[in-house]
Amino acid sequence: MDKDYLIRLIREFNPGLEGRMFDVPPTRRDPFDEIGPWLSRKQAIAITGLSRTGNSCHPVLPGNCK
């Protein structure tokens, strides 16, 4: 595939790369419901697991890596 074509596709399907606004559907996550009763206690709560999955620099789009 042509490199310019791929760049156009990436930008089309990732409006945030161009600074354009886009809708994000609301997300409900079960773990937050589970820790709710613990939040009023004076104890530390540790939340573990994968963080920032899917976030990476794209080698075709220079200037997007920070």
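Q: Buried means under 20% relative accessible area, exposed over 50%, and partly exposed in between (1.4 Å probe, protein chains only). Why is Phe-32 called exposed?
A: Phe-32 has a relative accessible area of 52%; exposed requires over 50%, and Phe-32 is therefore exposed. This is a predicted model in which local features need pLDDT of at least 70, side-chain atom pairs count only at pLDDT 80 or more, and totals for chains, interfaces and linings use all residues. Residues are numbered from 1 along each chain as its sequence is written, and side-chain values use heavy atoms, with hydrogens and water left out.

Q: Where is Phe-32 found?
A: Phe-32 belongs to helix α2, residues 30-35. The protein has two helices and zero strands (DSSP runs numbered from the N terminus: H or I of at least four residues for helices, E of at least two for strands).

Q: What makes up the second largest pocket's lining?
A: Arg-29, Pro-31, Phe-32, Ile-35, Ile-47 and Thr-48 line this pocket (an open set of points on a 1 Å grid over the protein atoms alone, where a 1.4 Å probe fits, with protein on both sides within 12 Å along at least five of seven lines; lining residues have an atom within 4 Å of a point).

Q: What share of the residues is buried?
A: Buried residues make up 8% of the 66 residues in the protein.
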